[in-house]
Amino acid sequence: MNPVDDPSDAEASASLGARLRGVRRQLHMSLQDVEVASNLEFKASVVSAYERGDRAITVRRLQRLARLYRVPVAEMVPHDERHTPPAIDAAVTIDLVALR
């Protein structure tokens, strides 16, 4: 299963892959360690393809990989700053009289 050729999909796959690699490296696991720890469910070559963004990962497999890494799925998914709501300034005062 390959990511669609849409540039935004390719960018998302690369971003997710980089995050997957980062989590694995934080755990000090090699690709072979993942393969062994998963009882061959996650082949080293497949995990590598996920990390390069060359292969799409299903939600179900992402959940199983997160379980193997013992981290929440949300930690494995990169955060998109473009869709983060703006910070709310608590010091804002609205003058209701001036709004009339």
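Me: In which helix is Asp33 found, and which backbone nitrogen does its side chain reach?
Reply: Asp33 is found in helix α2, and its C-alpha is 9.9 Å in space from that of Lys43, ten residues apart in sequence. The side chain of Asp33 makes its approach at 2.9 Å, and the backbone nitrogen it reaches is that of Ser30.

Me: Which element of the chain has the highest mean pLDDT?
Reply: Over the chain as a whole the average pLDDT is 85, and 78% of the residues score at least 70. Where pLDDT is low, the predicted coordinates should not be read in detail. Among the elements, helix α1 (residues 7–26) has the lowest mean, 89, while the highest, 98, belongs to helix α2 (residues 31–37).

Me: What pattern does the chain follow when read along the sequence?
Reply: The chain has five helices and zero strands. Residues 24 or more positions apart account for 55% of its contacts with a separation of 6 or more. Read along the sequence, the pattern is α-α-α-α-α.

Me: What percentage of the residues of the chain count as buried?
Reply: The accessible surface of the chain comes to about 7400 Å², and 56% of that surface belongs to carbon and sulfur atoms. Of the 100 residues in the chain, the share that counts as buried is 28%.

Me: How many residues does the largest nonpolar core have?
Reply: In soluble globular proteins, nonpolar side chains tend to be buried together. Here the residues with the most contacts inside the largest nonpolar core are Leu20, Val34, Val47, Ile57, Leu65, Tyr69 and Met76, and the core has 18 residues. At least two residues of this core come from each of the helices α1, α2, α3 and α4.

To end on the value asked for, the number of residues in the core is 18.

Me: Which residues does Ile57 touch, not counting residues up to four places away in sequence?
Reply: Ile57 is among the residues with the most contacts inside the largest nonpolar core. Once residues up to four places away in sequence are left out, those that Ile57 touches are Leu16, Tyr50, Leu62 and Leu65.

Me: Why is helix α3 largely enclosed by the rest of the structure?
Reply: The buried residues of α3 are Ala44, Val46, Val47, Ser48, Ala49, Tyr50 and Glu51. One of them, Ala49, has a relative accessible area of 9%, and its C-alpha is 8.2 Å from that of Gly17, 32 residues apart in sequence. Helix α3, residues 44–52, is largely enclosed because the number of its nine residues that are buried is seven.

Me: With which side chain does that of Glu51 form a polar contact of 3.5 Å?
Reply: Glu51 is found in helix α3 and is buried, with a relative accessible area of 3%. Not counting residues up to four places away in sequence, Glu51 touches Gly17, Ala18, Leu20, Arg21, Arg24 and Leu31. The polar contact of 3.5 Å joins the side chain of Glu51 to that of Arg21.

Me: Within what arc do the buried residues of α4 fall, seen down the axis of the helix?
Reply: The buried residues of α4 are Arg61, Leu62, Leu65, Ala66 and Tyr69. They line one face of the helix, because, seen down its axis, they fall within an arc of 140°. The face turned away from this buried side carries the exposed residues Arg60 and Arg67.

Me: What is the phi of Arg70, and is Arg70 buried or exposed?
Reply: Most residues other than glycine have a negative phi, and most peptide bonds are trans. Arg70, placed in the loop between α4 and α5, has a positive phi near 60°. With a relative accessible area of 78%, Arg70 is exposed.

Me: What is the phi of Asn39, which is not a glycine?
Reply: Asn39 lies in the loop between α2 and α3, where it is exposed, with a relative accessible area of 68%. Its phi is positive, at about 55°.

Key. Residues numbered from 1 in each chain as written. Predicted model: local features only at pLDDT ≥ 70, side-chain atom pairs only at ≥ 80, totals over all residues. Heavy atoms only, no water. Buried < 20%, exposed > 50% of the residue type's maximum accessible area, 1.4 Å probe, protein only. Helix = DSSP H or I, 4+ residues; strand = E, 2+ residues; numbered from the N terminus. pLDDT = per-residue confidence, 0-100. Contact = heavy atoms within 4.5 Å. Areas by Shrake-Rupley, 256 points an atom, 1.4 Å probe, with all protein chains shown as cover. Core = buried A, V, L, I, M, F, W, Y, C linked by side-chain atoms within 4.5 Å. Polar contact = N/O pair within 3.5 Å; in protein donor to acceptor, adjacent residues only side chain to side chain. Arc of directions from axis to C-beta.
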